[in-house]
Amino acid sequence: MTDELTEAFDDCLNALAAGVRLDDCLARYSALRDELRSLLKVAGAAQAMGASATVPQPAEMSSRAKFLAGGAQLRPASPPRRARWWPVPRAAVALAVLVFVVAGTGGVVAASAQTLPGDVLYGVKRTVEQTQLLFTLDEDSRSQLQGEFDERRVEEVQTLIIQKRTTRVEFSGQVESMEGERWSVRHITVLLSPETRVEGEPSLGAIVEVSGTSQEDGTVLASLIAVTDEGAPITPTRLTPTASATAQATPTATPIPTSTPPPTATPLPTETASQDPANPLPGASPTPTAEQDEEVEFTGLVESISANVWRIGGQDVTITPATEISGSPQVGQMVKVKAVRDHSGALVARHIEVKEATGQPEKSPTPQPPKTPEPSATHEADETHEADETHEPSETPKPTRTPGPTRTPTP
Amino acid sequence: MELTGAPGMLSSDTSASDNAMLLQQARAGDARALAEIHDRYYPKLYRYAFYRLGDDAAAQDVAGEVFVRLLDTLRAGRPPQSTLSGWLFGVAAHLVADHFRRAPRESLEILEWFTSGTSAAQEAEERLQHQQVRAAMRQLTPEQQEVLALRFGDGFTLEQTAEIMGKSVNAVKALQFRATAALRRTLGETGND
């Protein structure tokens, strides 16, 4: 009886997902009709609960950026490209060692740590970095160190942009947009000129090294752009909020000739009438709330900052003297924007408020949530209630064993 | 076994060999592979965590932390030995359990309050029903919660769910039935409408 009911329940789930009417499905199992109807109603309620989940795009993109930045450290360091930017003669290394040893405790090296390109001690900072790399023999550690230094370069450029300083800079990152002579690399607007030398064939998603000059308008005028890695593709769909959520929740009118269509495709019987899986889940939350001459409010990552126009969450936002700015927004930070859309369709900011400290990849491992062991090979007994309260010691070292296929006998 | 073309969804055609290839490339820091893994799984992990926790911020934490853990294992040269999806959702399940352990448990009184016929504003009714179902769900075993989250929250097929949970398809089929029946008992449902 239970086996028959188990099969009938699964069959009805699939049938409903394929567009079959509930009564038609129940008619196949007249003896189990009431029991099935009741179970399917509960399944519908359980399914409806998941329909309200909308993947927050800013969080996804922030996680993606951190993941890719961390992943970059997995790549072997490429000494040649560093050498091109900052050739370090042996004499300089020897000097750095000398500086490190003699003056390190005296503060020269420490003082150089906060310097920016163009500062007197910036050369010391870079030479110390090169020396650190030189003395880091472990390849993984060296790669990780190189990644940290790459992040420093980006942060330096962002700071220079905020300070509107004009000086020679260099950094590397992913090409996020290419609009004519105006590109975006690691949320920094890079301008190309006829004098810009381009090595390789940059494309969206490629990892490039940029050498150029920071401008007062918040851009970097590139003298050299060199592809170091073809990188990960950036497709427009990644910038479209919750495409997968929308597609997944869309019911399929045509029955699918497969035995196991997704259960979310078709509404199951539920008393929650408003929970229509066809609901085209909206994108990033909150989203602009007005079209024209109305106030628009949204939250997004600051992608670039220039004198009059900032790019936030994929939208150009005009900054005027009347714009109120709370905090010190920087490229990579999450901000809340209140703006009005003028007749030309442009967004004119009224108020910009920093929402979180930074959206940039962190240099240290994320501390939260606390470490938990990785999945064990076996799952808890099905009927052991509250097993999650007893099976996972929070501070035990991570076991290397991960869940493999564990055959559980069918009841 | 194919899903309805939803981007980022798993399919049995890709989850085994393709994921193994992706993982191998990711170990070398291949940006395309890393991006593909994140794009493919973040939405699913978020929805899984949101379904289990019912909290947006906590779900974001869980989904993001899974990828931090993945990077840790790759850096340590200890990549997932089982399927990638099984590993990712396994970590997510433990993070969810960890969250439950730290957060105060929703009391049964809340559930009783919901089921006692207390009237609520019309616009809040849906939310309350979700809370009611979620509260009832937390009375189930972790495996039962997991199968409901994967099948009904994420929309995984039986085969995909089996792969993630490391079980056979028949075992998952039976588990989803028992989980639904247990949820019905907890909700106080009967066979009569």
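Student: In what sense, left-handed or right-handed, does helix 8 of chain A pass helix 9 of chain A?

Tutor: In this predicted model, the crossing of helix 8 of chain A with helix 9 of chain A is left-handed. Helix 8 of chain A covers residues 122-135 and helix 9 of chain A covers residues 139-163.

Student: Why are helix 8 of chain A and helix 9 of chain A called roughly antiparallel?

Tutor: Their axes cross at roughly 160 degrees and come within 10 Å. Angles over 145 degrees count as roughly antiparallel. The crossing angle of roughly 160 degrees is over that cut-off, and the two helices are therefore roughly antiparallel to each other.

Student: Which residues make the contact between helix 8 of chain A and helix 9 of chain A?

Tutor: Helix 8 of chain A contributes A:Tyr122, A:Lys125, A:Arg126, A:Glu129, A:Gln132 and A:Leu133. From helix 9 of chain A come A:Arg142, A:Leu145, A:Gln146, A:Phe149, A:Arg152, A:Arg153 and A:Glu156. By class, this contact of helix 8 with helix 9 of chain A has 7 charged, 4 nonpolar and 2 polar residues.

Student: Which hand does the crossing of helix 3 of chain B and helix 8 of chain B have, and which residues make the contact?

Tutor: The crossing of helix 3 and helix 8 of chain B is right-handed. On the side of helix 3 of chain B, the contact is made by B:Arg47, B:Tyr48, B:Tyr51 and B:Arg52. On the side of helix 8 of chain B, the residues are B:Gln145, B:Glu146, B:Leu148, B:Ala149, B:Leu150, B:Phe152 and B:Gly153. Sorted by class, the contact of helix 3 with helix 8 of chain B has 6 nonpolar, 3 charged and 2 polar residues.

Student: How many helices and strands does chain B have?

Tutor: Chain B has 10 helices and 0 strands. Of its 193 residues, 62% are buried. Chain A, by contrast, has 10 helices and 12 strands, and 47% of its 411 residues count as buried.

Student: What makes A:Gly173 a buried residue?

Tutor: The relative accessible area of A:Gly173 is 8%. Buried means under 20%, and A:Gly173 is therefore buried. This glycine, A:Gly173, belongs to strand 1 (residues 168-179) of chain A.

Student: Which residues are in contact with A:Gly173, leaving aside its neighbours within four places in sequence?

Tutor: A:Gly173 is in contact with A:Val185, A:Arg186, A:Ala206, A:Ile207 and A:Val208. For A:Val185, which is 12 residues away along the chain, the C-alpha atom is separated from that of A:Gly173 by 5.7 Å.

Student: Why is A:Arg186 called buried, and where is it found?

Tutor: A:Arg186 has a relative accessible area of 13%. That value is under the 20% cut-off, so A:Arg186 is buried. The loop that holds A:Arg186 lies between strand 2 (182-185) and strand 3 (188-191) of chain A.

Student: How do you know that A:His187 counts as buried?

Tutor: The relative accessibility of A:His187 is 14%, again under 20%, so A:His187 counts as buried. A:His187 also lies in the loop between strand 2 and strand 3 of chain A.

Student: What is the phi of A:Arg186, and what is that of A:His187?

Tutor: A:Arg186 is not a glycine, yet its phi is positive, at about 50 degrees. A:His187, also a residue other than glycine, has a positive phi near 65 degrees. Most residues other than glycine have a negative phi.

Student: What makes A:Pro194 an exposed residue?

Tutor: The relative accessible area of A:Pro194 is 80%. Exposed means over 50%, and A:Pro194 is therefore exposed. A:Pro194 is in the loop between strand 3 and strand 4 (197-199) of chain A. Its C-alpha atom is separated by 9.4 Å from that of A:Glu181, 13 residues away along the chain.

Methods. Residues are numbered from 1 along each chain as its sequence is written. Chains are lettered from A and ligands numbered from 1 in the order in which they are written. This is a predicted model: local features need pLDDT of at least 70, side-chain atom pairs count only at pLDDT 80 or more; totals for chains, interfaces and linings use all residues. Side-chain values use heavy atoms; hydrogens and water are left out. Helices (H or I, at least four residues) and strands (E, at least two) are DSSP runs, numbered from the N terminus. Buried means under 20% relative accessible area, exposed over 50%, partly exposed in between (1.4 Å probe, protein chains only). A crossing is left-handed if the near helix is turned anticlockwise from the far one by less than a right angle, and right-handed if clockwise. Contact means heavy atoms within 4.5 Å. Ala, Val, Leu, Ile, Met, Phe, Trp, Tyr, Cys and Pro count as nonpolar, Asp, Glu, Lys and Arg as charged, and the others, Gly among them, as polar. Axes are lines fitted to C-alpha atoms, for helices over the stretch in contact, and angles run from 0 to 180 degrees between N-to-C directions. Angles under 35 degrees count as roughly parallel, over 145 as roughly antiparallel, 65 to 115 as roughly perpendicular and the rest as oblique.
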